Amino acid sequence: ALDQLIASGQAGGPETWLLDNKTRPPRSTQLSLGVRQALGSWFFSVSYNNVRGYNGLTWFFGDRRLGATSKFGDNIPVQGYGRVLISDTHRRTWYSAGFLTIDKPFTAESNWGFNLAYTLAKAEQYGNENRIDGTAFGFDYITPQNFVRVPGDNDERHRLVLSGIIGLPWEIRASTLITLGSGLPFTIFDCSHGGCGNIDIRWNEGTPRRKSFIIPNAWAYRSVDFRLQKDFGIGFGRLGISLEAFNVFNYVNEGCYGFSEGFINENGVKDAKFGKGSCAINPRRGQVGLHFSF
């Protein structure tokens, strides 16, 4: 159809976007509770965060025939114009998370420090994923009432961050940062239930491949960073030189999941790319830094 349109040399009519005069602005309610306790030079904290989002702006096709059952067609054409889009604010989001931190600050007396931060979270939303430009479209639903509650775009269930610092001879400080995550979900496009004309789009139900680090087969994202820093006193200030290496073990952290990475054909066979990200996030790299304080 696109090739025929290009060959004709004629562009389609302009789309019509109709924004509801009673559109309400997005809002959210937030709740956080926590407790922090010191035991000697160690600090422990546990907290809970709860965020509920309302009035998310979504666009639907507004020119469907009454009682239409097709997701994309079955519309009443408006002569001289393309599709008609209407706004809606039924979109909602839910986020709940628990945080645990263990911290031992660096001191000159002990000459070392440590921090652990663990997040257990769950994110959900009504409707489909947000597009790259931040606009949400509900084209895969006939009406807003057809919205279903699905995992959120940023639904990473587990994240663990470990950091440590130690003082070395010649006033050099060495530190490391280990970041582990269970990964973000991807959408599954399933044609095995009636063909691709009636494709079953399962928003954010796919889970990325997980690999081992400390815990077997637990992490889709892994990165180990190192840093060396040396400070020099010069006149009225201090000059610092740092060497940093990111993802030093060059772990492959997959991302950029698209249609092929979540596609299942009419026979129930997964695409060869299924569950495999088409790009790598945070490749191994290094940098040299220089800073001055006074």
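**Figure 1. Pairing of strands β10 and β17 in the predicted model.** Asp-190 has Ile-264 of β17 as its bridge partner; the model shown here and in the following views is predicted. Strand β10, residues 186-190, runs parallel to β17, and 2 bridges join them. The two strands belong to an open sheet of 3 strands with mixed pairing, in the order β11-β10-β17. At the edges of this sheet are β11 (200-206) and β17 (263-264), each of which pairs on one side only.

**Figure 2. The hairpin of β12 and β13.** Residues 211-213 form strand β12 and residues 215-219 form strand β13; the two pair in the antiparallel sense over 2 bridges. Phe-213 has Ile-215 of β13 as its bridge partner. The hairpin has 1 residue between its strands, and Ile-214 in the turn has a positive phi of about 70°. As background, most residues other than glycine have a negative phi.

Figure 3. Asn-55 has a phi near 65°, a positive value in a residue other than glycine. Asn-55 is found in strand β3, residues 42-61, and counts as buried because its relative accessibility is 9%, with the limit for buried set at under 20%. Asn-250 is likewise not a glycine and has a positive phi of about 55°. Asn-250 is found in the loop between β15 (237-246) and β16 (253-255). With a relative accessibility of 36%, Asn-250 counts as partly exposed.

**Figure 4. Aromatic pairs, including Phe-189 with Phe-259.** The whole structure contains 13 aromatic pairs. One of them is formed by Phe-189 and Phe-259, whose rings are tilted, with 4.9 Å centre to centre and 45° between the planes. This pair links distant parts of the chain, 70 residues apart: Phe-189 is in strand β10, whereas Phe-259 is in the loop between β16 and β17. Phe-189 is buried, at a relative accessible area of 13%, while Phe-259 is partly exposed, at 44%. Phe-249 and Tyr-251 form another tilted pair, with 5.9 Å centre to centre and 50° between the planes.

**Figure 5. An aromatic cluster and two charged side chains placed over tryptophan rings.** One aromatic cluster comprises Phe-60, Trp-94, Tyr-126 and Phe-147. Arg-149 lies over the face of Trp-94, a member of this cluster, at 3.8 Å from the ring centre. The view also includes Lys-104, whose charged end sits over the ring of Trp-112, 4.5 Å from the centre of that ring.

Figure 6. Thr-93 is in strand β4, residues 84-104. This threonine counts as partly exposed, at 31% relative accessibility. Apart from neighbours within four places in sequence, Thr-93 is in contact with Val-51, Arg-52, Gly-53, Glu-124 and Gln-125. The C-alpha atoms of Thr-93 and Phe-189 are 22 Å apart in space, and the two residues are 96 residues apart in sequence.

**Figure 7. The disulfide of Cys-191 and Cys-196.** The sulfur atoms of Cys-191 and Cys-196 are 2.0 Å apart, and the two residues form a disulfide. The link is right-handed, with 110° about the S-S bond. What is the accessibility of Cys-191? Cys-191 has 0% relative accessibility and therefore counts as buried. Cys-196, by contrast, counts as partly exposed, at 35% relative accessibility.

**Figure 8. The disulfide of Cys-256 and Cys-279.** Cys-256 is joined to Cys-279 by a disulfide with an S to S distance of 1.9 Å. The torsion about the S-S bond is about 80°, so this disulfide is right-handed. Cys-256 lies in the loop between β16 and β17, and Cys-279 lies in strand β18 (residues 279-281); the pair therefore ties together parts that are 23 residues apart in sequence. Cys-256 is partly exposed, at 47% relative accessibility, and Cys-279 is also partly exposed, with a relative accessible area of 25%. The count of disulfides comes to 2. With the bonded cysteines of the chain numbered in sequence order, the pairing is 1-2, 3-4.

Key: Residues numbered from 1 in each chain as written. Heavy atoms only, no water. Pairing = 2+ DSSP bridges. Helix = DSSP H or I, 4+ residues; strand = E, 2+ residues; numbered from the N terminus. Buried < 20%, exposed > 50% of the residue type's maximum accessible area, 1.4 Å probe, protein only. Phe/Tyr/Trp six-rings, centres within 6.5 Å; stacked < 30°, edge-to-face > 60°. Lys NZ or Arg CZ within 6 Å of the ring centre and 35° of its normal. Contact = heavy atoms within 4.5 Å. Disulfide = S-S within 2.5 Å.
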